[in-house]
Amino acid sequence: MAAEWLLEAAVALTIGSVPGPTAARLSLAEYLKYSDGGDTRYELVAGELVPMALPTGRHGQIVDFLNTAFRVEIRRQGLPWTSQPMAIGIQSPRGNRWDTVRIPDVVVLPLQQWQEMGSREALIRLEDPPPLLVVEVVSESSRAADYRAKRAEYCVLGIGEYWIVDPMEEKVSLLLLHEGWYDLLELKGSERVPSKVFAGLELQAGEILAADLGYSGKTTGS
């Protein structure tokens, strides 16, 4: 499939097609047990540990804003879902022997699926149902992965909705899965983000980028 081929090409661009001569690669089981003794968090990309850079304050504010907005809407509609910030790993469907695990900035998933992780690693494996929605907030270090590799990986996983919030370009990219590939809509300023997962949610691109933590919930029905 074209999506799988693009997935491999995109990931190669983000990590390099050939690992360094001394690069140690980890299996999924080794990654789940790995600790460097510090606070650094890592994604696993083709078996290689990729440190997640300390986010800027604005990055954290946007994550907090969206997670709050999603939780408000979940409560308002009485949906059996939850929204979790930077807490869930997603195993990638890459086809080689080395595993990849992404940790999105925000993940929306069924509450039961989240509760089932209470006694194990917070990881959505390949055989598990995909999350309902994922969000990545772009930073300088994550740009290539957010726009290329993760877009291809999340598409192949069948994640129906993927938001890319880019504070540097002041835009929100909404990717909706359609016939096996993502349709892209880029939004700025006062343009509303037409989410399918949260169809009644009134959020403008500029509002998300401003990350007004006073958000209390606005919907098309209010």
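Predicted model: local features only at pLDDT ≥ 70, side-chain atom pairs only at ≥ 80, totals over all residues.
Visitor: How is a pair of aromatic rings described?

Guide: By the distance of the centres and the angle of the planes. This structure holds 6 aromatic pairs. Take Tyr 34 and Tyr 42: their centres are 5.7 Å apart, with 85 degrees between the planes. That pair is edge-to-face.

Visitor: Why is the pair of Tyr 154 and Tyr 162 classed as it is?

Guide: Planes over 60 degrees apart count as edge-to-face. The planes of Tyr 154 and Tyr 162 stand at 85 degrees, so this pair is edge-to-face. Their ring centres lie 4.9 Å apart.

Visitor: Are these tyrosines buried or exposed?

Guide: Buried means under 20% relative accessible area. Tyr 42 has 19%, so Tyr 42 is buried. Tyr 34, at 36%, is partly exposed. Tyr 154 and Tyr 162 are both buried.

Visitor: Which residues do ring pairs link into a cluster?

Guide: Phe 70, Trp 81, Trp 163 and Phe 198. Phe 70 is also one of the buried residues of helix 3.

Visitor: What span does helix 3 reach?

Guide: Helix 3 runs over residues 57-77 and reaches 30 Å from its first C-alpha to its last. That is close to the 30 Å expected at 1.5 Å a residue. Just after the helix, Gly 78 takes a positive phi of about 65 degrees.

Visitor: What covers the buried residues of helix 3?

Guide: The cover includes strand 3 (81-85), strand 6 (106-110), strand 8 (133-137), strand 9 (161-166) and helix 6 (205-210). Among the buried residues are Ile 62, Phe 65, Leu 66 and Glu 73.

Visitor: Where does Arg 97 lie?

Guide: Over the face of Trp 98, at 4.4 Å from the ring centre.

Note on methods. Residues numbered from 1 in each chain as written. Heavy atoms only, no water. Phe/Tyr/Trp six-rings, centres within 6.5 Å; stacked < 30°, edge-to-face > 60°. Buried < 20%, exposed > 50% of the residue type's maximum accessible area, 1.4 Å probe, protein only. Lys NZ or Arg CZ within 6 Å of the ring centre and 35° of its normal. Helix = DSSP H or I, 4+ residues; strand = E, 2+ residues; numbered from the N terminus. Expected span 1.5 Å × (residues − 1). Contact = heavy atoms within 4.5 Å.
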